[in-house]
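Biologist: I would like to learn how to read the features of a model such as this one. Please take me through them in turn.

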Amino acid sequence: MNKFACAQTGYDSAEYVILGVPFDKTSSFRPGAADGPEEVRRASYCFEPYMMEYDISLSDMYIHDKGNLSEHDDVEDMGDELRSVVTDIMEKNKFPIVIGGEHSLSPYAVSAFEDVHVIILDAHLDYRDTYEGLKRSHATPTRRISELPIRGLNVLGVRSLSQDVSMIERPPYLTSQDILKNPDVIDEICEKINGERVYLSIDMDVFDPSYAPGVGNPEPYGLEPIVCKRIIGKLSDHLVGVDIVETCPHFDHGGITSNLAARLIYDVIGSKAAAD
Ligand code: MN
Ligand code: MN
C-alpha cells in the first residue's frame with residue numbers, strides 16, 4: 001500500500017497522523033467508499049509538496065501514515081477500534097486525519113475528544129435516529145455526534161434532509177444556497193466558536209457533483225471547493241482533528257474526487273502549520 005505523500009515520519013515523532021478506514025458496510029445507494037483511502041493516498045502524489053499560499057512544504061512537516069484500520073463487517077467493531085486508535089493519537093498530542101470510508105465512522109472519531117465543537121460539511125443533514133434499522137449508519141452520524149458531550153455542532157452545505165426530522169429538533173445548519181448567497185455567514189460561525197477546539201468532518205458530497213462525482217450519494221447544487229478551503233483556513237488555528245469521508249472511487253471520473261480529498265488534506269496541514 002502506498003503511503004500518503006510526504007508521510008515519512010515515524011509514529012512517535014509525528015505531528016500529523018493519517019489513518020484510513022476502509023469501511024462501507026452500511027452504504028445504501030452505491031457502496032465503494034471502502035476503497036477511498038487507497039485512492040486518496042494515490043492522488044496525494046499529484047501535487048507539489050510546496051504550497052505557495054502558505055509558504056510551507058508538506059515535505060517539511062512531521063507526517064506519519066498509520067495505514068488502514070482492520071477490515072470489519074460490523075460498524076460497532078469498526079468504531080471500537082477507530083475510537084481507541086484516535087484516542088491514542090489525541091493523547092499523544094498528534095493531529096488525526098482520518099480518510100474514509102463512509103460517514104458512519106465520524107461519531108467514533110469525535111468520541112475520542114472532550115469539549116470539542118464539531119463542524120460537519122455535508123449535503124445531507126444525516127440526522128435520522130435510525131436508517132434501515134441501524135442506529136450507526138452513514139445516514140445518522142450528525143445525530144450520533146449530537147448525543148456526545150460536545151460543545152456544539154454546525155452542519156454546513158446542507159441541501160437534503162429527511163422529512164421525519166422536525167424543524168424543532170434540527171441541529172444548527174446552513175444550506176449550500178445560504179453560503180453561496182452570503183459567504184460571510186461562514187465568518188459569523190467561525191467567530192462564534194472562536195477559541196473552542198474544533199473537530200471538522202468533511203463528507204465529500206458537500207461539494208457540487210461536478211467537483212466530486214465519486215461519492216455514495218451525489219446531490220446537485222453543492223459547494224465549490226474554494227469555499228471549503230476558506231472554511232479550513234478560518235478554522236485551522238482551532239482544529240484538533242479532521243475526517244474526510246465518502247470518497248467512492250468506482251463512481252469517480254478521472255480521479256477528480258480523490259484528487260480533491262487529497263488536496264483538502266494538504267490544506268488542513270498547510271493552514272495549520274501556517275497558523276502556528
Ligand atoms: Mn454524510
Ligand atoms: Mn452526505
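Biologist: What should I know before starting?

Modeller: This is a predicted model, in which local features need pLDDT of at least 70 and side-chain atom pairs count only at pLDDT 80 or more, while totals for chains, interfaces and linings use all residues. Residues are numbered from 1 along each chain as its sequence is written, chains are lettered from A and ligands numbered from 1 in the order in which they are written, and side-chain values use heavy atoms, with hydrogens and water left out.

Biologist: Which residues coordinate the manganese ion (ligand 1)?

Modeller: Donors are N, O and S atoms within 2.8 Å of the metal (3.2 Å for Na, K and Ca); water is not among the atoms, so sites may look incomplete. Here His-103 gives ND1, and Asp-122, Asp-126 and Asp-203 each give OD, at 2.1 to 2.2 Å from the manganese ion (ligand 1). Along the sequence these donor residues follow the spacing H-x18-D-x3-D-x76-D. Of these, His-103 sits in the loop between strand 5 (95-100) and helix 3 (106-110), and Asp-122, 19 residues apart from it, in the loop between strand 6 (116-121) and helix 4 (141-146). Helices (H or I, at least four residues) and strands (E, at least two) are DSSP runs, numbered from the N terminus.

Biologist: Which residue bridges the two ions, and how far apart do they lie?

Modeller: Asp-122 bridges the manganese ion (ligand 1) and the manganese ion (ligand 2), which lie 3.2 Å apart.

Biologist: How is a pocket found?

Modeller: Rolling a probe the size of a water molecule over the atoms shows where empty space is left. On a 1 Å grid over the protein atoms alone, a pocket is an open set of points where a 1.4 Å probe fits, with protein on both sides within 12 Å along at least five of seven lines; lining residues have an atom within 4 Å of a point. Grid points are joined across faces, edges and corners, and a volume is the space filled by probe spheres set on the points.

Biologist: What is the volume of the largest pocket, and what lines it?

Modeller: The largest pocket holds about 270 Å³ of space. It is lined by 21 residues, and the closest to its centre are His-124, Asp-126, Arg-128, His-138 and Ala-139. By class, seven lining residues are nonpolar, eight polar and six charged. Ala, Val, Leu, Ile, Met, Phe, Trp, Tyr, Cys and Pro count as nonpolar, Asp, Glu, Lys and Arg as charged, and the others, Gly among them, as polar.

Biologist: And the second largest pocket?

Modeller: Its volume is about 180 Å³. Among the residues that line it are Tyr-16, Phe-95, Phe-113 and Arg-197. The lining has six nonpolar, one polar and four charged residues.

Biologist: How many aromatic pairs does the structure hold?

Modeller: Rings of Phe, Tyr and Trp (its six-membered ring) pair if their centres lie within 6.5 Å; planes under 30 degrees apart count as stacked, over 60 as edge-to-face and the rest as tilted. The structure holds four such pairs. Tyr-16 and Phe-95 are edge-to-face, 5.8 Å centre to centre with 65° between the planes. Tyr-16 lies in strand 1 (residues 16-21) and Phe-95 in strand 5, so the pair ties together parts 79 residues apart in sequence. Both Tyr-16 and Phe-95 are buried. Phe-113 and Tyr-199 form a tilted pair, 5.8 Å centre to centre and 55° between the planes. Phe-113 is in the loop between helix 3 and strand 6, and Tyr-199 is in strand 9 (residues 197-203), 86 residues apart.

Definitions and conventions
Buried means under 20% relative accessible area, exposed over 50%, partly exposed in between (1.4 Å probe, protein chains only).
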